[in-house]
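Here are my notes on the model below. Please read them with the structure open.

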Amino acid sequence: QVQLVESGGGLVQPGGSLRLSCAASGSIFRIISMGWYRQGPGKQRELVAVTNAGGATNYADSVKGRFTISRDNAQNTVSLQMNSLKPEDTAVYYCNAYIYTSTTDWNAYWGQGTQVTVSS
């Protein structure tokens, strides 16, 4: 009953910017954390950035200083502002969230993924 929907992916030239957004909906009691993962061609899925309810953030070393994650708790959304994009940022980006659907039940949820391609 919980769904995550991403948007904002696309094609951009190196050095350009994109902003990804993810909206959570459904039977949400409380969102513990929301974040972004990515999986490039022939690579494993990796953490890009995550933020918890208190606003603490964590970034992969490869994106520090270039990407910024933000969360709107009222709207149950999370965004990823990606600047100074590099070809190695090319991947399918997945929204992830740990969500309580009641006071005791929680689970991890994933979006369907959105393609980001950085190429000249």
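Is glutamate 46 buried, partly exposed or exposed? Glutamate 46 is partly exposed, because its relative accessible area is 35%. Buried means under 20% relative accessible area, exposed over 50%, and partly exposed in between (1.4 Å probe, protein chains only).

1. Ground rules. This is a predicted model: local features need pLDDT of at least 70, side-chain atom pairs count only at pLDDT 80 or more, and totals for chains, interfaces and linings use all residues. Residues are numbered from 1 along each chain as its sequence is written, and side-chain values use heavy atoms, with hydrogens and water left out.

2. Arginine 38 and its partners. Glutamate 46 forms a salt bridge with arginine 38, with the closest N and O atoms 2.8 Å apart. A salt bridge here is a side-chain nitrogen of Lys or Arg within 4 Å of a carboxyl oxygen of Asp or Glu. Arginine 38 is buried, at 5% relative accessible area. Arginine 38 also bridges to aspartate 89, at 2.9 Å between the closest N and O atoms. That pair links distant parts of the chain: arginine 38 sits in strand 4, aspartate 89 in the loop between strand 8 (77-82) and strand 9 (91-100), 51 residues apart. Strands are DSSP runs (E, at least two residues), numbered from the N terminus. Both aspartate 89 and arginine 38 are buried.

3. Arg38, Glu46, Arg66 and Asp89 are linked by salt bridges. The count comes to 4 salt bridges.

4. Aspartate 61 and lysine 64. These side chains meet in a salt bridge at 3.1 Å, N to O. Aspartate 61 counts as exposed, because its relative accessibility is 64%. Lysine 64 is partly exposed, at 48%.

5. Glutamate 6. Which strand holds glutamate 6? Strand 1, residues 2-7. Glutamate 6 is buried yet has no salt bridge; arginine 45, the nearest side chain of opposite charge, is 8.0 Å away. Check the backbone nitrogens instead. A polar atom of the glutamate 6 side chain lies 2.7 Å from that of cysteine 95. The side chain also reaches the backbone nitrogen of glycine 113 at 3.0 Å. Beyond four places in sequence, the contacts of glutamate 6 (heavy atoms within 4.5 Å) include Trp36, Tyr93 and Tyr94.

6. Surface patch. Ile32, Tyr98 and Trp106 form a nonpolar patch with about 310 Å² of accessible area together. Patch members have over 30% relative accessible area and no salt bridge, with nonpolar side chains joined within 5 Å. Areas come from the Shrake-Rupley method with a 1.4 Å probe. Isoleucine 32 lies in strand 4 (residues 30-39). Isoleucine 32 is partly exposed, at 36% relative accessible area.

Methods: Helices (H or I, at least four residues) and strands (E, at least two) are DSSP runs, numbered from the N terminus. Lys and Arg count as positive and Asp and Glu as negative; His and the chain ends are not counted. A polar contact is a pair of N or O atoms within 3.5 Å; within protein, one must be able to donate a hydrogen and the other to accept it, and residues adjacent in sequence count only if both atoms are side-chain atoms. Patches are made of residues with over 30% relative accessible area and no salt bridge: like charges are joined within 9 Å, nonpolar side chains (Val, Leu, Ile, Met, Phe, Trp, Tyr) within 5 Å.
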